[in-house]
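Q: I am new to this structure and would like to learn how to read it. Could we go through it feature by feature?

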Amino acid sequence: MVYYIMYQGQVTGPMNREQIFAYGVNRDTMVSADGGDWRPLYTYPELMELLSRGTGAAPEYHPAVQRQVSFMEAIKIGMSKYAVFSGRASRSEFWWWILFTYIISFVTAGIGQGIWGNDLVQFALSGDIADLPIGFYSFTGIVNLLFFLPTLAVSVRRLHDTGRSGWFYLLNFLCCIGSIILLVWYCQESKAETNEYGPVPNEE
């Protein structure tokens, strides 16, 4: 188990329970175990036992080691956090999910082409929206709508992972400039410590 403490107004950690006491903590110091809820130190029996002994150790900071998630794991996380906008999403989690949505789009388009192929050719030749088969429009629209919310959620969590507010997602509406800025941010590595949005995702 790893611990984080609120030290001089900042989150400090991760560390083991012996290292905590090198920071001059007391029974009221706020502590989070494994990135969980913040609670006073006196609510942790194992820490109170060490505090009563006056145990201490030289502070030693170890940056979090992040595990890269697989393609299937990213899909599982994305679906399980379908509309979860809190927390953080690692770079691998985000990009595997984006690849998944592109695959879904290609498959959807292929199915639509197989069913409404002739009508789509007619639409392409005429350019008249009235010639667009309503079945194709509804089918692709529903599929895209189903994946819009989890894609938005993982994008917000990815911004959180870089230490930025999810509201920056609105930069997408600034034409190509905003999208380029977001693309750069999405490619950045995770912050190697707990931030205001939560602990490091997929930490080993």
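This is a predicted model: local features need pLDDT of at least 70, side-chain atom pairs count only at pLDDT 80 or more; totals for chains, interfaces and linings use all residues.

Q: In which sense do β3 and β4 pair, and over how many bridges?
A: β3 and β4, the latter covering residues 38-40, pair in the antiparallel sense over three bridges. S32 stands opposite W38 in β4.

Q: Which strand pairs with β3 besides that, as strand β1 or otherwise?
A: Strand β1 (residues 3-7) pairs with β3 (residues 30-33), in the antiparallel sense and over three bridges. Here Y4 stands opposite S32 in β3.

Q: How should I picture the side chains along a strand?
A: In a regular strand, side chains alternate between the two faces of the sheet.

Q: Which residues touch the most other members of the largest nonpolar core?
A: That core has 17 residues, and W97, L159, L182 and Y186 touch the most other members. Helices α4 (91-126), α5 (134-161) and α6 (175-186) each supply at least two of its residues. The largest share, six residues, comes from α5.

Q: Which residues is W97 in contact with, leaving aside its neighbours within four places in sequence?
A: W97 is in contact with A74, I75, G78, M79, F147, P150, T151 and V154.

Q: How many residues are in the second, separate core?
A: The second core has 13 residues, including Y3, Y23, L41 and Y44. R39 lies over the face of Y44, at 4.1 Å from the ring centre.

Q: How is a pair of aromatic rings described?
A: A pair is described by the distance of the centres and the angle of the planes. The structure holds nine aromatic pairs. In one of them, the rings of F71 and W96 have centres 5.5 Å apart and planes at 70°, so the pair is edge-to-face. F71 lies in helix α3 (residues 71-80) and W96 in helix α4, so the pair ties together parts that are 25 residues apart in sequence.

Q: What are the distance and angle for F168 and W185?
A: F168 and W185 form an edge-to-face pair, 5.1 Å centre to centre with 80° between the planes. F168 is in the loop between α5 and α6, and W185 is in helix α6, 17 residues apart. F168 is partly exposed at 37%, whereas W185 counts as buried at 16%.

Q: Which residues do ring pairs link into a cluster?
A: The cluster consists of F71, W96, W97, F100 and F147.

Conventions
Residues are numbered from 1 along each chain as its sequence is written. Side-chain values use heavy atoms; hydrogens and water are left out. Two strands pair if DSSP finds at least two bridges between them. Helices (H or I, at least four residues) and strands (E, at least two) are DSSP runs, numbered from the N terminus. A nonpolar core is a set of buried Ala, Val, Leu, Ile, Met, Phe, Trp, Tyr and Cys residues joined through side-chain atoms within 4.5 Å. Buried means under 20% relative accessible area, exposed over 50%, partly exposed in between (1.4 Å probe, protein chains only). Contact means heavy atoms within 4.5 Å. Rings of Phe, Tyr and Trp (its six-membered ring) pair if their centres lie within 6.5 Å; planes under 30 degrees apart count as stacked, over 60 as edge-to-face and the rest as tilted. A charge sits over a ring if NZ of Lys or CZ of Arg is within 6 Å of the ring centre and within 35 degrees of the ring normal.
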